[in-house]
Amino acid sequence: MRILLTNDDGINAPGLYVLEKIAAQLSDDIWICAPSEEQSGAGHSLTLTRPVRMREHAPKRFSVTGTPTDSVTMGIKKAMPGPPDLILSGVNRGANLGDDVTYSGTVSAAMEGALAGIRSIALSQVYSGEGHGNNVSFSAAEAWGAKVLKPLLDAPFAPRTLINVNFPPLAAEDVKGIRVVRQGFHDYARGSVVEGMDPRGFPYYWFGLHGIEHTLGHNSDLEAIAEGYISVTPLQLDLTHDASLAQIASRYTA
Ligand code: MN
């Protein structure tokens, strides 16, 4: 089984090394193609206004001067001798829960894999406490990663679907188990916009991240994490809201 790994935190991200350890328990044919710099929050963006460069750091280890989506495309079409059997994106530093998945470079890389018809799974390690991004423990992800992935390797994946996995901010031995749950949603308290002054006296703004406060929804990914479980959520690329189709269409009929 050939596996392509990527990580929106960049080619040197600690979570990518954790993912390599997890993937090594599944296969010995591991390829890496990841952005050269951190791309968190890049969503499903594609680089169109400038060229991208690909650098080979070691055999089967490449970086791309672009987005997570660019990296998956380059991995499949240019870095690897053929398409992988599996794409793993992560382990992201931080949560990708609820409606935050549309911001997520981690989840979007798996979306790109799903669009290419490849079994794709996003993995994220939730951490608690603001301003501690440099000291995130991936202990839960590292210990539980292979256990979460193995049942998914031969599970049926419908076209244009992917799996989003989040690990709770707990020591591995304190994780309560695995729950397959739906995507939840946040209250719209979209963090802070921090204002500062640059060295030349011009104001700048910097978006802060919110915590994982949310309206508890039963059987959601947010609830599973809050209760100490690993969340496993199947997602689909088709964002159509079926229930609204007929109602909206009726507004255009004479
Ligand atoms: Mn990230």
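Predicted model: local features only at pLDDT ≥ 70, side-chain atom pairs only at ≥ 80, totals over all residues.

Trainee: What's the phi like at G117, which follows α3?
Mentor: G117 has a positive phi, near 80°. Residues are numbered from 1 along each chain as its sequence is written, and side-chain values use heavy atoms, with hydrogens and water left out.

Trainee: And what caps the N-terminal end of α3?
Mentor: That's S104, with a side-chain oxygen 3.1 Å from the backbone nitrogen of T106. Helices here are DSSP runs of H or I, at least four residues, and strands are runs of E, at least two, numbered from the N terminus.

Trainee: How many residues of α3 are buried?
Mentor: Ten of the eleven in 105-115, so the helix is largely enclosed by the rest of the structure. Buried means under 20% relative accessible area (1.4 Å probe, protein chains only). Among the buried ones are G105, M111 and E112.

Trainee: What do they pack against?
Mentor: The partners are α2 (68-79) plus the strands β1 (2-6), β5 (86-93), β6 (119-125), β7 (161-167) and β11 (229-236).

Trainee: Switching to the metal, which residues are the protein donors of the manganese ion?
Mentor: D8 (OD), D9 (OD), S40 (OG) and N92 (OD1), at 2.1 to 2.3 Å from the ion. Donors are N, O and S atoms within 2.8 Å of the metal (3.2 Å for Na, K and Ca); water is not among the atoms, so sites may look incomplete.

Trainee: Where do D8 and N92 sit?
Mentor: D8 is in the loop between β1 and α1 (14-24) and N92 is in strand β5, so the pair ties together parts that are 84 residues apart in sequence. Both D8 and N92 are buried.

Trainee: Which residue is opposite P203?
Mentor: M197. Five residues lie between the two strands of that hairpin, and G201 has a positive phi near 90°.

Trainee: Last one: how many helices and strands are there in the protein?
Mentor: Six helices and eleven strands. Buried residues make up 46% of the 254.

How values were computed:
Buried < 20%, exposed > 50% of the residue type's maximum accessible area, 1.4 Å probe, protein only. Contact = heavy atoms within 4.5 Å. Polar contact = N/O pair within 3.5 Å; in protein donor to acceptor, adjacent residues only side chain to side chain. Pairing = 2+ DSSP bridges.
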